[in-house]
Amino acid sequence: MQEYPEELRTPPVALACLVGCPDVHALITGNLHSLQPPINTIALPDFSKISVISKAAKENPAAGSVKPVGGIVKRDWLSKHRTRVPAVVAALFSSDHVSGDPAQWLQVCNNLENIKATILGRNIKLLVVVVTQSGSKYDTNEDRMISLRKHAEVDSKNLIIFVPDDPLELKQSLNRLGTACAELANAYYRDEGRRVKACLERKNVGSIELHIRYCFKVAVYAEFRRDWLEALKMYEEAYHALREVVGISTRLPPIQSLVEIKSIAEQFHFKISTLLLHGGKVVEAITWFRRHISYYRRLNGAPEVIFLHWEWLSRQYLVFAQLLETCSVTVQNLTTTVSIPADKQTEWEFYPPYYYQLSAHYLKEKNSYLEFAISMSEDVGGIDGNVESVVASVYVGQFARLLEHEGTYAMQALTDDEYVRYTLAEGKRFQDSFEIIALLKRSFEAYNNLKSTRMASYCGVQMGREYFVMGEFSNAKQVFENIASLYRQEGWVTLLWEVLGYLRECSVGISSVKDFIEYSLEMAAMPIMTNNAAPSFRDCCPAGPPSLSQREQIHKKAFGLVTGESGTAPSENNGLKVNGDCPLYLEIDLVSPLRVVLLASVAFHEQIVKPGARTMITISLRSQLPLNVEIDQLEVQFNQSECNFIITSDQKPRLAAISHVHPDRRVETAPTLELPTSKWLRLTYDIKPDQSGKLECIYVIARIGPNFTICCRAESPASMNDLPLWNFEDMTETIPTKDPGLAFSGQKAIQVEELEPQVDLKLDSSGPALVGESYILPVTVASKGHAIHSGELKINLVDTKGGGLLSPREVEPFLADNLHVELVGISGQERADHSEVNIDNIQKIQPSFGLISVPFLNVGDSWSCKLKIKWNRPKPIMVYVSLGYHHSSEPSSQKVHVHKSLQIEGKTAVTISHHYMLPFRQDSLLLSNIKAKHDSDHTPSLALNETSNLIISAKNCSEVPLRLLSMSFDLEDDDSFIIQPKEEKFREPILHVPGEDFIKVFAVIPMGNCSTLKTGAVSLEWQRDSGLGEGFYSCSASSQVTKHRLPDVNVELPPLVVRLKCPPHAIVGRPFTYSVTIQNQTELLQEIKYSLADSQSFVSSGPHNDTTFVLPKSEHVISYMLVPLGLGSQQLPKVTLTSVRYKAGFQPSTTSSTVFIFPSEPPFQVTDIGETRFVSVTE
Amino acid sequence: MIVCIAVVGHQNNPLYLQSFTESDDALKLHHIVHCSLDVVDERVNNPKKSAPTLSETFLGLLYPTENYKVYGYLTNTKVKFIMVTTDLDVRDADVRNFFRRFHAAYVDAVSNPFHVPGKKITSRTFAERVSTIVKSFGLNSAG
């Protein structure tokens, strides 16, 4: 499309001419250009230049054709109308001149006459513009203006006052000028069109050529007016008329005649397509294009210039593709909405790549014919040098010789013979291959964008061929390689054969012997079975037709090259060689297309094997090459390189060149290593893995000759993919191993177990652990059959319940408080034989993890250590201990692991509780008790300066007996709170069996008078009872302390204290005294009411019911004499006291008012123990 | 004249491809058949554009090349038949009829118990039958 002249490519734009007043031209030009539709301008600064638009001497088309027509369309007609012949002439006069002195007025009139004379012949429209200043706008002479208009013979609207110096006025003037220009231009083109059309309609057009020319002109005028429909109609008419000329025109020699017709048809078709496509009529455009092509395709022309025909055809496709591309947005919309008639257009015809591809195709056709034509012409006698003076003639599609004759030039028509020579010379100058590749590339990319990979591949093949022909092998190779993968995937063997054939040749071109061999082998292994290739495949690709014999030939050539033993001369191999200096190494992996060349399937017969035990392995090889392949040496490689082994054929002596293998390698022999076509070669050997872990076969390496190696990745038969390409062939399925079970489940890897450990690891548990103590867990390592080298003991403490192991979060710093259980140490590392302990052994201890090294132990030795674990809270944990060791001193020997675990409960040993009691038969009135009666959890209240009892009780919650050693108090303030005894160490440890309570009573005297008194804590020291004095646990002597915090107490001064007093026992009939002492500790007089209830067991004397007053800081005693009547434990008569001031009553408790009555004097001595009695229940 | 007939499998792999041409463009026919698979894919995957052709097995004209016309047919088992003809003026009915007969021959061939589905068709009987059908297509359109 780019080679078309610009006036053809773009829609025509009307042309106006400005004459005079050059200072306002820029303003007007800019304005006209920005109009919609725009108007181009020719600006002439003064009136003398008007002659440039004057009409050249030319016959009037209406005047009939007396002269023979030289051609159909003149080459420069269109550009003339776009650049030289204006539709409107705007004559600009200054208002000063118009209304100036008579001389100036005369000048104006003269100029106007000149213009009129000039434009008369062309019917160009006239527009008169008077340029005036805004200030002198109304100074214009009215008469002169009218006279000017009459002179110019223009309508009043075409006489415009132009005011350039006022923005508002300027805008108005420009608008007026623009509208007038557009109207006049339209009128001009319409008139011209009508005039030419009238000639057409009168049918007095002399020749068909003129008819076409007039149609073309009408169409162009219509285009100037933007009357697209009319333009399209006329172009179509011209196009159809052109067809009638074909074959009948004798104006020119036949070859040139056809060339001219085709050139014009091309232009017409271009115009029609553009109009249709821009009008959104894509379907019509495509249909039109089809018709255009199908008609002109037949017009091949003379055989010697047939390449011109192909070039022309190629250009048609190219231009249409470009057109389609420029309005591709519309196309996309249309194809989805407009339903396509099924047999009319197909999908691809809506897309540019289709046309690009065909354009490339025809260009290629042109190339081949051109080459042929050139070679023919050279045979005839070469092209004479007379072609330089040939130029394009004035008519479209014609060429002529330019003759210089006495300073003037003349055109001389060419003969066909001359023309052919000219075109050949022109053709030689251009190299089309790049253009073909560019077109194909565009098509290739566009198809790829449309996700039409197959179409793209076809373009790619053509592109690659072109590169190949040009000798750009690396480019060709790159293109072909991309395509080959698609053909491989879809199994298009023939297409792949072609591509690989090119690739093989390209490898030769770039001297890549590896690629050459790879492609050769792949081709040789392709599933082509027929031997009689269809004749139609001859010469279609560089590797020859796809056939079995061709495969064999390729096979032989490739192996001849790699072994270097065949008779092929180096020249035949195009410089490719394989020798000791440049050996060849091919690698075949699981996705390589070369799997068909060599497929290695490796299966172990077992899945698990013990180290050191023998197991069988089957290596199955298969090749699809057409001829048998003799392998000289096979090497099987494993991930454990000690297992690698080599297989050689015992038929063939080992080649000296490839015998330089690892001396330690095992070498096996096989009866034959010849790989038959499409058959499995199965080799079974035993193998003895020594190392535990996974043993996997990785590579099977085949060496053929001294310099050729194929390294093939081993595949498991169980997960083996089908062979590419061959999977579509209808052939019997074979399995890689004889045992079908193994073929379906065989694996190329085997699990080698660990060595059986011959070491005992013992954890001795001594029952549950107690919170607080350092629990000792002895670990014993005893060797039974293995010496232990560089052994390591790992200890892990794990919470049995999972979550919340020892520390809430790992990241937190290890605080002893956070840890419920921690490993505090490993002690007593000693050997059973008491030899020296290796000091510098590894020892790492973390709260939940420990690592220590085990010293060297000989067979039969044992070693033990003790883990010290401390429980801070009761919690069951799991202790995992694992021992890893080498059983021999070689560092390469395998590690053996022994694991043991043990669950240990952590329990609280003792729980301590306490409560306070008042002394026997003594009560203090504590006011806070009366007030806070309802509070359930009030702090205990104690009477100030009075002795109270504190009872501490310790319960053994564990399952083991304990020994209690001592009990002591840590008081916060020794002065304000006296406990007696403060610390008691038991004379000998008290055995405390599980579940038992140990109770101890202490006297407490609060001294400080404050409401809440901080007391302190009680500590109980205990240790595990080691049973029968056996000193097994060396650490058990260390005692643990359980602490119990005593709560704060309320201390207050009791206002009243009541004491009962009576003997501990009595004898029937013998009187005794029973007294109640009321002590008033206040400064106030206390009124006390009291009463005594009668009792049947006693006869009493004393006040029965009374009110008494107790003086401040004094005591009052109420005394009764009682004579017991009954026997046994008897309730004393109940005394009830009531303090009137505090409204508090007192009644002694039942226990404190009970006395035992003996019938006679008991036979024991009673000593008065006075008022302070300590009772220890346990004693 | 029919110059090429092909059966294409699920993975777009050729199951049967026979060309009936004496000239040296057999390879080109392979390319044409292969390229036409793009059109088949397009028609099958974008049923909106080709609504009238989706409901039936006959896919119609796939695409015109400069010398050939390519027709397609899609069986219920998604096996594609591609036919390439040099006749520029072919009646749809003829092509439909041809494909119907070809389909019948294909069904018979794959019903052979020794045929493995998805593998290339190597039956000689099938080849003979196909060439008969192809020849009769020429006669029909001539007559």
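1. Strand β35 (residues 941-943) of chain A pairs with strand β44 (residues 1049-1052) of chain A in the parallel sense, over 3 bridges. Ala943(A) has Glu1052(A) of β44(A) as its bridge partner. Strands here are DSSP runs of E with at least two residues, helices are runs of H or I with at least four, and both are numbered from the N terminus. Two strands pair if DSSP finds at least two bridges between them.

2. This is a predicted model, in which local features need pLDDT of at least 70, side-chain atom pairs count only at pLDDT 80 or more, and totals for chains, interfaces and linings use all residues. Residues are numbered from 1 along each chain as its sequence is written, chains are lettered from A and ligands numbered from 1 in the order in which they are written, and side-chain values use heavy atoms, with hydrogens and water left out.

3. β44(A) has another partner, strand β41 (residues 1012-1013) of chain A. These two run antiparallel and are joined by 2 bridges. Thr1012(A) is paired with Asn1050(A) of β44(A). Now look at the side chains of β44(A). Val1049(A) and Val1051(A) point one way, while Asn1050(A) and Glu1052(A) point the other way. All four are buried. Buried means under 20% relative accessible area, exposed means over 50%, and partly exposed lies in between (1.4 Å probe, protein chains only).

4. Next, an open sheet in chain A. Its 5 strands come in the order β34-β45-β47-β51-β49, and the pairing is antiparallel. The edge strands, β34 (922-924) and β49 (1098-1101), each pair on one side only. Neighbouring strands are turned by 20° against each other on average, direction ignored. For such angles, axes are lines fitted to C-alpha atoms, for helices over the stretch in contact, and values run from 0 to 180 degrees between N-to-C directions. Between β34(A) and strand β45 (residues 1056-1061) there are 3 bridges.

5. Which strands pair with β21 (residues 749-752) of chain A? One is β11 (residues 608-609) of chain A, running parallel to β21(A) and joined by 2 bridges. Ile608(A) stands opposite Gln751(A). Another is β19 (residues 693-704) of chain A, which is antiparallel to β21(A) over 4 bridges. Here Gly693(A) has Val752(A) as its partner.

6. Two helices of chain A deserve a look. α20 (residues 513-524) and α21 (residues 548-563) pack at an angle of about 145°, with axes 8 Å apart. The residues in contact (heavy atoms within 4.5 Å) include Phe516(A), Ile517(A) and Leu521(A) of α20(A) and Ile554(A), Ala558(A) and Phe559(A) of α21(A). By class, 11 residues of this contact are nonpolar, 2 polar and 2 charged. Ala, Val, Leu, Ile, Met, Phe, Trp, Tyr, Cys and Pro count as nonpolar, Asp, Glu, Lys and Arg as charged, and the others, Gly among them, as polar.

7. Helix α9 (residues 228-245) of chain A has 18 residues. Its span from first to last C-alpha is 26 Å, close to the 26 Å expected at 1.5 Å a residue. The expected span is 1.5 Å times one less than the number of residues. Among its buried residues are Leu232(A), Tyr235(A), Tyr239(A) and Leu242(A). The buried residues of α9(A) pack against α7 (167-202), α8 (208-224), α10 (254-278) and α11 (282-296) of chain A. After α9(A) comes Gly247(A), with a positive phi near 85°.

8. Buried residues of α3(B) include Val95(B), Phe98(B), Phe99(B), Phe102(B) and Tyr106(B). An α-helix has 3.6 residues a turn, so residues three or four places apart point the same way.

9. Is Ser1019(A) buried or exposed? Ser1019(A) is buried, because its relative accessible area is 7%. Ser1019(A) sits in strand β42 (residues 1016-1024) of chain A. Leaving aside residues up to four places away in sequence, Ser1019(A) touches residues including Ser966(A), Asp970(A) and Thr1042(A).

10. Leu819(A) lies in the loop between β25 (789-799) and β26 (821-831) of chain A. Leu819(A) is buried too, with a relative accessible area of 2%. Ser848(A) is 29 residues from Leu819(A) in sequence and 9.3 Å away in space, C-alpha to C-alpha.

11. Finally, chain A as a whole. Chain A has 23 helices and 55 strands. Of its 1179 residues, 50% are buried.
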